[in-house]
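Have the model open in your viewer and let's walk through how the chain is put together. We'll start with the domains, then move to the cores, the strand pairing and the ligand.

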Amino acid sequence: RIVYVNGEWMPEADAKISVFDRGFQFADSIYEITAVLGGKLIDYHGHAQRLSRSLTALGIPVPVSEEHMLALHRQAIARNGVEEGLVYLQVSRGVQDRDFMFGADLSPTFVIFTQSKKVLDNPKWKTGISVITMPDGRWVNRQIKTVQLLYSSLAKMEAAKAGADDAIFIEDGFITEASSSNVHIVTREGTLITRQLSNALLHGITRGSILDLARQAGVPVEERRFTLDEARNAAEIFITSATAFVMPVVRLDGEPVGEGVPGPVSGRFLQLYIQDRIA
Ligand code: PDD
């Protein structure tokens, strides 16, 4: 692969980051992931805006202009011949001798790479996934897309050990989100419920797109937090992310969700998303 590091494109084997990078030592770093289909970026604008918000929240300078950022994404796709997959981008505060306190004058470390992999026709869309629940042990500023991903990484490992596909997180009895996606439920009356935006969850770009599509389609929407019990009694549960799009959840802590198979509403949203953003 050809990767981008601080203004230069190079083979991945030649890419080097300092051992004193604050991204490495303090997870003082943010990232974005944008899906690619047919060589084109999906929902790019939302991801670019969230990138700026994350950087601003941490006081890390935005490394390049908006136009340049888009050009770099397109170059990453072109240089690597990505038809289907994703563009990954990471910006850390920069390099400094190890110290909890950071200086004001660091230059950010800026990395881009691509992954070519299948995104469409995900076989799990047909079967749905199983999830287990666990306490949300992450920090409280989850609206910032930092690379503090250890809790989520361990959660996915624990889910796999339990024979499940993923983990969803519970805080004060309410679902926050899943380990790397947002969680939504559909009530037996057909209302889509998704947690309102706050610092408790990442403001998913796919979540926003699905809400727009739901409203356009006349589906009743409630943005509010919902309990694990409401999820247990829901007709459908699904998760959304840039890489899974709309993924039905068919088992929750070993119990079937609704009919125990992917439901019609999540199927419809997946179709709408693919039509609207891709076709
Ligand atoms: N994860 N919540 C969390 C904790 C996430 O990590 C993600 C995305 C989302 C969904 O956001 P979006 O729709 O903007 O992708 C919600 C990415 C895909 C990842 O870390 O791999």
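The protein chain splits into domain 1 (2-116) and domain 2 (123-277), with bounds taken from an automatic or database domain assignment. Before going further, keep in mind that this is a predicted model: local features need pLDDT of at least 70, side-chain atom pairs count only at pLDDT 80 or more, and totals for chains, interfaces and linings use all residues. Residues are numbered from 1 along each chain as its sequence is written.

Taken over C-alpha atoms, the centres of domain 1 and domain 2 are 26 Å apart. Where they meet, 19 residues of domain 1 are in contact with 13 residues of domain 2; contact here means C-beta atoms, placed from the backbone, within 7 Å. On the domain 1 side, β3 (29-37), α2 (44-58) and β5 (84-92) each give two or more residues, and β3 supplies the largest share, seven residues. These labels are DSSP runs numbered from the N terminus, with helices (H or I) of at least four residues and strands (E) of at least two. By class, that side of domain 1 has nine nonpolar, seven polar and three charged residues. In this scheme Ala, Val, Leu, Ile, Met, Phe, Trp, Tyr, Cys and Pro are nonpolar, Asp, Glu, Lys and Arg are charged, and the others, Gly among them, are polar.

Now for the inside. In soluble globular proteins, nonpolar side chains tend to be buried together. The largest nonpolar core has 33 residues, and Val 131, Ala 167, Ile 168, Ile 237, Ile 239, Val 246 and Val 249 touch the most other members. Strand β14 (residues 245-252) gives the most to this core, with five residues. Apart from it lies another core, of 16 residues, including Val 3, Tyr 4, Val 111 and Ala 242. A core is a set of buried Ala, Val, Leu, Ile, Met, Phe, Trp, Tyr and Cys residues joined through C-beta atoms within 7 Å, where buried means 20 or more other C-beta atoms, placed from the backbone, within 10 Å of a residue's own.

How do the strands line up? β7 (residues 129-135) runs parallel to β14, joined by three bridges, and Ile 129 stands opposite Val 249 in β14. β7 also pairs in the parallel sense with β8 (residues 166-171), over five bridges; pairing takes at least two DSSP bridges.

Finally, the ligand: 14 residues surround it, the closest being Leu 202, Gly 204, Ile 205, Thr 206 and Ala 242, counting C-beta atoms, placed from the backbone, within 6 Å. α6 (205-216) and β13 (236-241) each give two or more residues to this shell.

Note on methods:
A residue is buried if 20 or more other C-beta atoms lie within 10 Å of its own, exposed if 12 or fewer, and partly exposed in between; C-beta atoms are placed from the backbone. Two residues are in contact if their C-beta atoms, placed from the backbone, lie within 7 Å.
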